[in-house]
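Here are my notes for you as you look through this model. Keep the 3D view open and find each residue as you read.

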Amino acid sequence: MHSTHRKYCRQLPAFRPVVSGFGETVEVNLMDKHESITGKENKMTNAREIVQHFKKGMGTLTDAMPETIPAMAGFMGTAAKDGALTYREKELVAIGVALYTRCPECIAVHCQKALEAGCTREEILEAAGMAMVFGGGPVLGSSATLLLECLDEFAK
């Protein structure tokens with residue numbers, strides 16, 4: 001990536017979501033690379049790779065934390081079940097929250113799940129629009145880049 005473009009991207013918060021964990025914070029430039037919390041660089045070329053990387057990491061965490069991670073997954077599964085809101089509607093909410101928090105793994109996973117649940121591109125973009133109301137430019141940036149990439153990739 002050209003250094004001027006790289007400098008410009010560093011100035012845009014939408015291209016630098018913050019990933020926190022284990023007492024360490026890592027900024028991620030989605031236009032160039034994906035850095036894990038350990039600081040290892042992994043080339044991420046598309047949304048499917050982000051999801052695969054996330055699933056692999058979840059497997060590693062499950063092995064390392066055999067009580068905690070399954071309990072967390074159970075909690076998330078219970079929260080996602082149909083209730084007053086359907087699973088499909090809850091995935092639209094998850095898209096908005098993922099965009100607002102600028103979590104690239106969350107954006108990719110929930111975009112894929114929303115499409116699998118039957119949400120349309122238009123519904124997902126409308127949910128993104130509501131997230132923009134609360135998150136402004138940074139959400140617009142994440143929507144214009146990663147969300148659109150995810151929609152294109154997972155619609156295949």
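The points below cover a helix pair, the salt bridges and one lysine.

1. Before you start, please note that this is a predicted model, in which local features need pLDDT of at least 70, side-chain atom pairs count only at pLDDT 80 or more, and totals for chains, interfaces and linings use all residues. Residues are numbered from 1 along each chain as its sequence is written, and side-chain values use heavy atoms, with hydrogens and water left out.

2. Start with helix H2 (residues 47-64) and helix H6 (residues 121-154), whose axes come within 8 Å and cross at roughly 95°. Helices here are DSSP runs of H or I with at least four residues, numbered from the N terminus. The axes are lines fitted to C-alpha atoms over the stretch in contact, and angles run from 0 to 180 degrees between N-to-C directions. H2 and H6 are therefore roughly perpendicular to each other (the word covers 65 to 115 degrees).

3. Which residues of H2 and H6 make the contact? From H2 come Ala47, Arg48, Ile50 and Val51, and from H6 come Leu146, Glu149, Cys150, Glu153 and Phe154; contact means heavy atoms within 4.5 Å. Six of these residues are nonpolar, three are charged and none is polar. In this scheme Ala, Val, Leu, Ile, Met, Phe, Trp, Tyr, Cys and Pro count as nonpolar, Asp, Glu, Lys and Arg as charged, and the others, Gly among them, as polar.

4. The whole structure has four salt bridges, each a side-chain nitrogen of Lys or Arg within 4 Å of a carboxyl oxygen of Asp or Glu. One of them joins Glu153 and Arg48 at 2.7 Å, N to O. Because Glu153 is in helix H6 and Arg48 in helix H2, this pair ties together parts 105 residues apart in sequence.

5. Is Glu153 buried or exposed? Glu153 is buried, at 13% relative accessible area, while Arg48 is partly exposed at 30%. Buried means under 20%, exposed over 50%, and partly exposed in between (1.4 Å probe, protein chains only).

6. Glu153 also meets Lys156 in a salt bridge (3.2 Å, N to O), and Lys156 is exposed at 72%. Through shared partners, Arg48, Glu153 and Lys156 form one network.

7. Finally, look at Lys90 in helix H4 (residues 87-101), which is partly exposed at 22%. A polar atom of the Lys90 side chain lies 2.9 Å from the backbone oxygen of Ala79. Lys90 and Ala79 are 11 residues apart in sequence and 8.8 Å apart from C-alpha to C-alpha.

Methods. Helix = DSSP H or I, 4+ residues; strand = E, 2+ residues; numbered from the N terminus. Parallel < 35°, antiparallel > 145°, perpendicular 65-115°, else oblique. Polar contact = N/O pair within 3.5 Å; in protein donor to acceptor, adjacent residues only side chain to side chain.
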